[in-house]
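The following note sets out numbered points on the structure shown below.

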Amino acid sequence: MAGLTEEQAEFIKKNKISKSALYDAEGKSKEELQKDMKAEGKTVAYNVEPCEEHGHTMSSRSGYCIQCDPASVSSVKKSAVMGLVYIAGSLKGQIITVGFTKSKTIKEEALNRNNTGGYGDWEILFSTQSMDASEIEYFTQNQLQKYSMSQDNEAKELFCCSYSKAKETIEGILEEKDFKVTKISENRAIISYYEFRNLVRKV
Ligand SMILES: [Zn+2]
């Protein structure tokens, strides 16, 4: 891969990022880069402006340094396709989950079939479609971590927070990162039942 440093090539290999996800940003403006990457389904740009912390020159489509934030790698491994970010809630568990799916529709049944978090009464409360869905999921889960049910990785997408808190978080991210979304839908008939307490996890 021309233009990749040895360190970057090593990082790509170690994290099993597909070569087809890479985009050479040499001489491209931020706007050109984002447009091309979306059109071509690329998720990782190299030869970008060096990051402030360590001077790394590889970033996600929205411009964060994937080398400085290894937890972000999973979001760039999901290919840049149209997907849905959703918020679902369980009354039995008094918990909220935020997820991403590539399918055009979300099925509560899938969450319930898998007995996510040990509960089988999940209802989809909110969803929106975006080319940036997997990044939106990543940032949202990241910002909600203080409400996460436990520190263990399996439960890191389950949150002890209200529906409103999760929705505000997504909306904040859309505004801050300027992610474009379509088809916002909200299950207004039931959302008021999902205003659980926001419980900050003790560390
Ligand atoms: Zn960096």
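1. A residue is called buried here if 20 or more other C-beta atoms lie within 10 Å of its own, exposed if 12 or fewer do, and partly exposed in between, with C-beta atoms placed from the backbone. Helices (H or I, at least four residues) and strands (E, at least two) are DSSP runs, numbered from the N terminus. By these criteria α5 is mostly covered, 9 of its 11 residues being buried.

2. The model is a predicted one: local features need pLDDT of at least 70, side-chain atom pairs count only at pLDDT 80 or more, and totals for chains, interfaces and linings use all residues. Residues are numbered from 1 along each chain as its sequence is written.

3. Overall dimensions. The radius of gyration, taken over C-alpha atoms, is compared with a globule rule of 2.2 Å times the number of residues to the power 0.38. For 203 residues a compact globule would have a value near 17 Å, and the 18 Å of the protein chain agrees with this. Along the principal axes, the C-alpha atoms fill a box of roughly 55 × 35 × 30 Å. Of the 203 residues, 36% count as buried.

4. The protein chain is divided into domain 1 (6-71) and domain 2 (83-194), with bounds that come from an automatic or database domain assignment. The C-alpha centres of domain 1 and domain 2 are 26 Å apart.

5. Two strands are taken to pair if DSSP finds at least two bridges between them. An open sheet with antiparallel pairing has the strand order β7-β5-β4-β6-β8; its edge strands, β7 and β8, each pair on one side only. Strands β4 and β6 are antiparallel and joined by 8 bridges, with Phe126 of β6 as the bridge partner of Ile87. On the other pairing examined here, 3 bridges join β6 to the antiparallel strand β8 (residues 182-186). Phe126 stands opposite Glu186 in β8, and Gln129 has Thr182 of β8 as its bridge partner. Of the 9 residues of β6, 7 are buried, so this strand is largely enclosed by the rest of the structure.

6. Helices across this sheet. Contact means that the C-beta atoms of two residues, placed from the backbone, lie within 7 Å. Axes are lines fitted to C-alpha atoms, for helices over the stretch in contact, and angles run from 0 to 180 degrees between N-to-C directions. Helix α5 lies across β4, β5 and β6, at about 155 degrees to β5, whereas α6 lies across β4, β5, β6 and β7, at about 160 degrees to β4. The buried residues of α5 include Ala133, Ile136, Glu137 and Phe139. The buried residues of α5 pack against β3 (58-60), α3 (73-77), β4, β5, β6 and α6.

7. Nonpolar cores. Such a core is a set of buried Ala, Val, Leu, Ile, Met, Phe, Trp, Tyr and Cys residues joined through C-beta atoms within 7 Å. The largest has 32 residues, and those with the most contacts inside it are Val85, Ile87, Ile96, Phe159, Cys161 and Ala166. Two or more residues come from each of β4 (83-90), β5 (95-101), β6 (122-130), α5 (133-143), β7 (158-159) and α6 (163-177). A second, separate core of 13 residues includes Tyr23, Met58, Ile66 and Val76. Beyond its neighbours within four places in sequence, Val85 has contacts that include Val98, Phe100, Ala133, Ile136 and Ile170.

8. The sheet of 3 strands. The order is β1-β2-β3 in an open sheet with mixed pairing. Strands β1 (22-24) and β3 stand at the edges with a single partner strand each, so one side of each is left without a neighbour in the sheet. The twist averages 30 degrees from one strand to the next. Strand β1 pairs with β2 (residues 44-46) in the parallel sense over 3 bridges, and Ala45 in β2 is the bridge partner of Tyr23.

9. Backbone points to check. With 19 other C-beta atoms within 10 Å, Asn47 is partly exposed. Asn115, also not a glycine, has a positive phi of about 55 degrees and lies in the loop between α4 (108-113) and β6. Asn115 counts as exposed, with 10 C-beta neighbours inside 10 Å.
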